[in-house]
Amino acid sequence: MRPELIDALGHIVGPRWVRHRRAELATYTMDGLPTRESFPGVVVMPGSSAEVRAIVRLLHLTATPFVARGAGTGLSGGAVADPDSVLVALTRMNRILEVDPVRRRATLQPGVVNARLSEAALPHGLQYVPDPSSQAACTVGGNVAENAGGPHCLKYGVTTNHVVELEVVLPDASVVRLGSSQGEPWGPDLVGLFVGSEGMFGIATEIVVRLEPIPPSVRTMLADFSTVRSASEAVSAIIRTGIVPAALEMMDRACVQAVEASIYAAGYPTDAAAVLLVEVDGDPDAVEAESRTVIEILRERGAREVRSASTPADRARLWQGRKKAFGAMGRIAPDLAVQDAVVPRSALPDIMDRIEEIRRRHRLSISNVFHAGDGNLHPNISFDRRDADLAGRVQLACREIMAACVNAGGSITGEHGVGSDKIDYMPLIFDPDTLAAMRAVRLAFDPEERANPGKVVPVHACREWRATPAAR
Amino acid sequence: MSDVVFGRLRALLGTGGVDRDSAGLPRATPDSADALSLVCRLAHDEGWKIRVEGHGTWLPADAPADLAVSTRALDRVLSVSPADLVATVQAGTPLEALRRRLADDGMWLGLDPPGRPERSLGSVVATGTAGPLRHGFGPVRDHVLGCTVATGDGRLVRAGGRVVKNVAGYDLTKLQVGGFGGFGIIAEVHLRLRALPRADVTVIARGPRDDLTSAARDVLAAQLLPATLELLSPALAAEPDWTLAARFVGTDAAVQAEVRRLSVVGDLAWQPLPADRTAAFWGLVARGSLGGPITLRLGVLGDGVDETIDLLAHDLDEGLVSAGAGSGMIRWTGDAQVERLRTLRRLAASREIPMTLERAPWALRRALGHFGAYREGVGQLVGRLRDSFDPGHSLSVALEGVE
């Protein structure tokens, strides 16, 4: 990176918030995706919206590409920058500016850690619902970029359903406020368009989210099954009753065994083929009645045992294995390919068989832990990337799993995003005109394509759209 | 000119695919997304202006154009999946027909938009008009998983997908939901559905508006979970006083529990509506929004409802008002001069309240625009997006007004 640019960045934020030596940059070469690594040109850490704006103006004037980054917990390589790019790390912008319990809104900077937001809302009996597994580390800004999900999104929706207003610094350094905290947009739904744009439309410097009341009563149930198929069928049977569980999660045998062999052991039955975690919440009487229905269905569908918990401590114990599953898997092998795909719920039983077949054929270790209620799979492949043959088989298996999910009518990602990891899969689900429409939207926000370049949309696969006429 | 357009459309779609509206304007009625895109491409290439229509029950079919494109022949439910609670539906499908079709399979769409039962799904999606159920089930965008859209120059964009969770690529669906057709014509919609509720109970209270809004705040503070908490003006509910209507839908247990809890919140005399009158009651509310030529929606949270209705009453009239006491939306229907509406939009904007013109005659739409009082920089973004999705400016849609 040019020394003048590094100096100029230092003038904006102070030299201590600019990192450019190779050893310093090493921290920023990857995100949560183990297969993509690159040194950014320089890392700059703004402390305010004004500093972000000044940085982006400088980058605009010097035609420099940039990548915004939160905690770097993303799983699609979206927060990794090439050497010609400036990495804008937003972790210093970690203030919750306001919690308004009456209007059920919180205003915050993008670097606020997800779990801290719910902690701040807790005294008011409120919570911020989207709860990705990385919530103890990931930032809300990153959640906005990726449209992050989590176990409790089945009933309450993902990030896009909770963000109402954004202050955004566009790549030309202009500042726009999108949406309204009142819950109606001023014009077209640009907040909806921005959320999930993976850092390619600009940098959100202020975020207004909806907070939800903490339900008065919650019941968590854990059921174990002797086949994955019967557990999958129980999922659809529960949804068909009209009960919308707050969460409906599944773990297969490999996952349960990994958890139980780790320090996170939660007392899950290690001989079960699958474990379902079901949570219902709401009015206490309703929770009581709905839990009875859920337990009945679980038993009908072949659950061997159903455990149930209502107190926070007991519930936390049942959840522990699920929440720490990724950590437990990390012990099995040096690397973990955390996959993310979606199928229609009704396709779950077949797709699970198919993944098992792919696993066997490629001689891999796959553990499944996922949001069964909305068909969002996470088949996780443990491997060692130093073993080239093994790493090759992992790539093949990932591709086959994606193709299988797409053939079942699903999607290549439910909550982790496309980033650089899945860009080659995009033509599997979108035709050239639709990909071109995405690129056109990106160009409306970022005509020079400098924000997080080269991610999400495979430009070569876009059909060419006519040049736009002069301004309206 | 009109005969040329008619002839070209007939050559493209066959005799069954084109007719004339009551004023003699050629009207294309494509029955597939592909046919729709061909019509758009032809119009774009010829420089013809398109008026977009559904069944003509919501926005007046009066935008100036060389041809009308109606979605009325796009009226099929293409697929339903009860196990997945999703359906793919053509945009011209009337809401009531859709409701019946879904109920046959034990499914339900949690939307009760204003207008007539034969209003098209595409109209609801394009204008983003949710009804009172918005409180519990969210705005229209929360029900739409994806859509197929013909752009102004006839490309087909297939946004989103048919699964309930999906972050592949940018969320193009959001641009179309509530885009008023300015970014293309919706041909098909992938819907997120719910299981048909086992229980559906509406409880109402009547009284002075202040009492009701304060009761609504108590209901929210008690953390009850109504699907609807709607304040209705006397004219809208055809009652001498204001009405607060709480609707609970879900499993029997949940609904009974909520209704029980409601009865001990505050001191309002809540009356359950007899089950056989519930549909008629909400049908009346929906049709009430057609009681005048203009419908507005204002985005305001529960604590601003009183003040905003005062503002409406002062600047326009109290008229036909339906207000989400918690969800942040007031819908007003009546008649007013354009200058009054301009002033109201300005006043509302100064209070950070967005005002959308949902329904009005063309002259007013053109003058005022569906949207206005954009914040700095937003207008340029919207303009660039329109140029991309309708490069020839074929779609006769007044997203923004002219001063």
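Predicted model: local features only at pLDDT ≥ 70, side-chain atom pairs only at ≥ 80, totals over all residues.
**View 1. Chain A as a whole.**
Let's start with chain A, which has 16 helices and 20 strands. Its radius of gyration is 23 Å, close to the 23 Å that the globule rule gives for 472 residues, so chain A is as compact as a globular protein of that length. If you boxed up its C-alpha atoms along the principal axes, you'd need roughly 65 × 55 × 45 Å. Of the 472 residues here, 58% are buried. Now take the contacts in chain A with a separation of 6 or more: 72% of them link residues 24 or more positions apart.

**View 2**

**View 3. Where chain A meets chain B.**
How many residues does each chain bring to the contact? Chain A brings 79 and chain B brings 70. On the chain A side, several elements supply at least two residues each, among them strand E9 (175-179), helix H8 (228-240) and helix H10 (284-300). Helix H16 (432-445) of chain A is on that list too, and H16(A) gives the most to this side, with eight residues. Sorted by class, the side of chain A that touches chain B has 35 nonpolar, 28 polar and 16 charged residues.

**View 4. Chain B as a whole.**
Over to chain B, with its 14 helices and 19 strands. The radius of gyration of chain B is 21 Å, close to the 22 Å that the globule rule gives for 403 residues, so this chain is as compact as a globular protein of that length. Its C-alpha trace spans about 65 × 50 × 40 Å along the principal axes. Buried residues make up 61% of the 403 residues in chain B. Among its contacts with a separation of 6 or more, 69% are between residues 24 or more positions apart.

Which residues of helix H3 (residues 95-104) of chain B are buried? They are B:Leu95, B:Leu98 and B:Leu102. These residues sit on the same side of H3(B), because they cover an arc of only 60 degrees around the axis. Here's a handy bit of background: an α-helix has 3.6 residues a turn, so residues three or four places apart point the same way. The cover over the buried residues of H3(B) includes strand E5 (77-81), strand E6 (86-90), strand E7 (107-108) and helix H4 (121-127) of chain B. Now check the face turned away from the buried side: it carries the exposed residues B:Arg100, B:Ala103 and B:Asp104. Just after H3(B), look for B:Gly106, which takes a positive phi of about 75 degrees.

**View 5. Two packed helices in chain B.**
Helix H7 (residues 209-221) and helix H11 (residues 305-315) of chain B pack at an angle of about 150 degrees, and their axes are 10 Å apart. From H7(B) come B:Arg209, B:Asp210 and B:Thr213, which meet B:Val305, B:Asp306 and B:Ile309 in H11(B). By class, this contact has two nonpolar, one polar and three charged residues.

Note on methods. Residues numbered from 1 in each chain as written. Chains lettered and ligands numbered in written order. Buried ≥ 20, exposed ≤ 12 C-beta atoms within 10 Å, placed from the backbone. Helix = DSSP H or I, 4+ residues; strand = E, 2+ residues; numbered from the N terminus. Arc of directions from axis to C-beta. Contact = placed C-beta atoms within 7 Å. Rg over C-alpha atoms; globule rule 2.2 N^0.38 Å. Axes fitted to C-alpha atoms, helices over the stretch in contact; angles between N-to-C directions. Nonpolar A, V, L, I, M, F, W, Y, C, P; charged D, E, K, R; others polar.
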